[in-house]
Amino acid sequence: MKSEDVWKNVHSQREAMADTWAGLSADQWATASWCDGWTVQDAAGHVLASAEQTLPNFFKELAGAGFKFNVFADRGARRLASHGPDELIRRLRARTSTTNHPPGPVVTWLGEIITHGEDIRRPLGLNHRAPEAALVAVADFYKNSNLLIGSKQRIAGLRLRATDAEWTHGDGPEVAGSLGSLILAMTGRKEVHADLTGEGVAILASRG
């Protein structure tokens with residue numbers, strides 16, 4: 001997928017995420033997301049933090065967190081979450097045409113909004129499916145990446161097969177499910193294992 005097409009999908013998924021947020025109740029904002037230790041509102045803060053981040057500010061904030069990425073991410077998420085739902089929605093809508101980003105390939109930010117979008121929607125029982133081309137681009141990126149989330153190592157020796165798209169990867173015991181669910185599994189969301197089938201699911205679950 002070309003860079004301009006990646007950004008079109010990033011922007012459309014941010015707009016869809018803002019639409020989802022606009023329909024949430026106070027109880028839903030306070031629900032635990034699929035990001036460990038974060039509520040839906042905290043996870044929303046992280047989504048916005050990534051969307052607003054610039055290269056110089058990224059290194060400044062990372063240095064301020066002692067170069068500990070988890071500390072850096074948690075601080076940013078909670079700081080922005082504290083602004084409240086209305087401000088989160090307004091500011092994410094303002095990022096549906098911008099292309100600023102921290103260091104990394106552009107597809108990283110498509111993976112970011114798709115994955116964290118599901119971290120927010122799934123525990124709330126909300127359904128959303130990104131375009132197949134976007135999901136394929138993210139799955140193809142994650143299958144070869146160990147950076148931060150360790151996807152390549154997590155799925156080594158397994159065959160992943162999407163049941164709703166023409167996408168497979170690897171050899172070995174099978175893990176089958178929707179492509180969105182496979183992406184979540186690659187990024188370590190154990191909650192999604194209930195939506196997957198195959199003898200490889202138990203192996204995947206043992207890897208964290």
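Q: Start with Asn9. Which residues does Asn9 touch, not counting those up to four places away in sequence?
A: Asn9 touches Met1, Leu110, Pro131 and Ala134. Contact means heavy atoms within 4.5 Å.

Q: Before we go on, what kind of model is this?
A: This is a predicted model: local features need pLDDT of at least 70, side-chain atom pairs count only at pLDDT 80 or more, and totals for chains, interfaces and linings use all residues. Residues are numbered from 1 along each chain as its sequence is written, and side-chain values use heavy atoms, with hydrogens and water left out.

Q: Is Asn9 buried or exposed?
A: Asn9 counts as buried, because its relative accessibility is 12%. Buried means under 20% relative accessible area (1.4 Å probe, protein chains only).

Q: And where does Asn9 lie?
A: In helix α1, residues 3-22. Helices are DSSP runs of H or I, at least four residues, and strands are runs of E, at least two, numbered from the N terminus.

Q: New topic. How do α3 and α6 pack?
A: Helix α3 (residues 40-52) and helix α6 (residues 85-93) pack at an angle of about 30 degrees, with axes 10 Å apart. Axes are lines fitted to C-alpha atoms, for helices over the stretch in contact, and angles run from 0 to 180 degrees between N-to-C directions. So α3 is roughly parallel to α6, a term for angles under 35 degrees.

Methods: Buried < 20%, exposed > 50% of the residue type's maximum accessible area, 1.4 Å probe, protein only. Parallel < 35°, antiparallel > 145°, perpendicular 65-115°, else oblique.
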